[in-house]
Amino acid sequence: MKVHSKNNFVRAVWFTLVLGIPLLVSSCYGDGVDPDPEVETMISDFPANGALSLDRKGNIYISEYGRFVDTGGSGTRIFKISPKGRILDTIQGLSGPLGTATDSKGNLYVNNANNTVNGQVLRVSPDGDRDVIATIDGWPSSMTIDHNDNLFISNYTAPTVHKISADGVVTVLANDPRLFGGVGIDLDSKGNVIVANFYTADIYSIDNNGEISLIANIPDIVIQNFGIGYITVVNDVIYATGIAVNYVYKVSLDGTIETFAGTGENAQVDGPLLEASFVNPNGITFDHYSKTLYISEYTGVGGVRKIKL
């Protein structure tokens, strides 16, 4: 009887410990609930004001588009920074670089040398070698890449979205007047291409057959033809920058729109999502591993902001 009681006691202690340890760990982190996300400034007074992309190691590439001068951007560099905000490398000698992407081999692609008539898709190898893999009519603006290293490229002054396969074959995925003004581009979980129109603040989905459908229009955000800067798609939710109104928006694939971050004030202020403010938020990308959004600011005295989801 005593042995039986002792065994029961041991089982009870063990059961309590098994249940208690997760509860204790959970309570150490706010009872299992993450704190509300906040906007933080990684780098302030930073010249890179364009598109953002990530490599497989979580390093961030930020293009310095600069300002429009004559027929292109005045910027000449792409910065590579660590997730902690340390500048690791600077790729120089470019001409108004816009969207970027990296493939599985570590090659960096960038829309470069746009002159309002055409632009180059430039590939920079890990060794620094440079090759123009395509010249696209119009103004190739942003790009995204899938798991098979296929590039998809939006166009600011032509109604097209191009695809460049991993072996370098260039095709037109879609040609439609609604795509004129396209900048932000990404992919959803089904492989549909999501494109945001800079001029109109419309967001479209393009399927593998090139069929286009409207997802949503973000109302009342276009000021002097500045609407949506760039987008990123996270678990089939679109995050879009309202470059002229200083907000970041969250848009579901069924068209539901909500203000995700920002007060609308033109200022660089950190804090809770709807209390923080931006200075012309522009580029945006997401690190799925660290669950962090990174955002660039278009102003000449902007910075790199981040939101840990």
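Ile-218 is buried, because its relative accessibility is 2%. Buried means under 20% relative accessible area, exposed means over 50%, and partly exposed lies in between (1.4 Å probe, protein chains only). The model is predicted: local features need pLDDT of at least 70, side-chain atom pairs count only at pLDDT 80 or more, and totals for chains, interfaces and linings use all residues. Residues are numbered from 1 along each chain as its sequence is written, and side-chain values use heavy atoms, with hydrogens and water left out.

Where does Ile-218 sit? Its place is the loop between strand E19 (212-217) and strand E20 (228-234). Helices (H or I, at least four residues) and strands (E, at least two) are DSSP runs, numbered from the N terminus. Set aside the neighbours within four places in sequence. Ile-218 is then in contact (heavy atoms within 4.5 Å) with Ala-201, Ile-203, Ile-228, Ala-240, Tyr-249, Val-251 and Ile-257. Thr-256 is 38 residues from Ile-218 in sequence, and their C-alpha atoms are 9.6 Å apart in space.

Is Asp-220 buried or exposed? Asp-220 is exposed, because its relative accessible area is 79%. Its backbone deserves a look: phi is near 60°, a positive value in a residue other than glycine.

Asn-246 has a positive phi too, near 65°, and is likewise a residue other than glycine. Look for Asn-246 in the loop between strand E21 (237-242) and strand E22 (247-252). Asn-246 counts as buried, because its relative accessibility is 4%.

Now turn to the charged side chains. Side chains of opposite charge can pair when their charged atoms come close. A salt bridge here is a side-chain nitrogen of Lys or Arg within 4 Å of a carboxyl oxygen of Asp or Glu. By this rule the count comes to 6 salt bridges.

One of them joins Asp-270 and Arg-305, at 2.9 Å from N to O. Asp-270 lies in the loop between strand E23 (257-261) and strand E24 (271-272), and Arg-305 lies in strand E27 (residues 303-308), so the pair ties together parts that are 35 residues apart in sequence. Asp-270 is partly exposed, because its relative accessibility is 39%. Arg-305 counts as buried, at 0% relative accessibility. Arg-305 also forms a salt bridge with Glu-297, with the closest N and O atoms 2.9 Å apart. Glu-297 is buried, with a relative accessible area of 0%. Shared partners join the salt bridges of Asp-270, Glu-297 and Arg-305 into one network.

Another salt bridge links the side chains of Arg-123 and Asp-131, at 4.0 Å from N to O. Arg-123 is partly exposed, with a relative accessible area of 28%. Asp-131 is partly exposed as well, at 39% relative accessibility.

Which residues gather in a patch of negative charge on the surface? They are Asp-36, Glu-38, Glu-40 and Glu-275. A patch is made of residues with over 30% relative accessible area and no salt bridge; like charges are joined within 9 Å, and nonpolar side chains (Val, Leu, Ile, Met, Phe, Trp, Tyr) within 5 Å. Lys and Arg count as positive and Asp and Glu as negative, while His and the chain ends are not counted. Each charge is placed at NZ of Lys, CZ of Arg, CG of Asp or CD of Glu. Accessible areas come from the Shrake-Rupley method with a 1.4 Å probe; for residues, only the protein chains shown count as cover. Glu-38 is found in strand E1 (residues 38-44). Glu-38 counts as partly exposed, because its relative accessibility is 41%.
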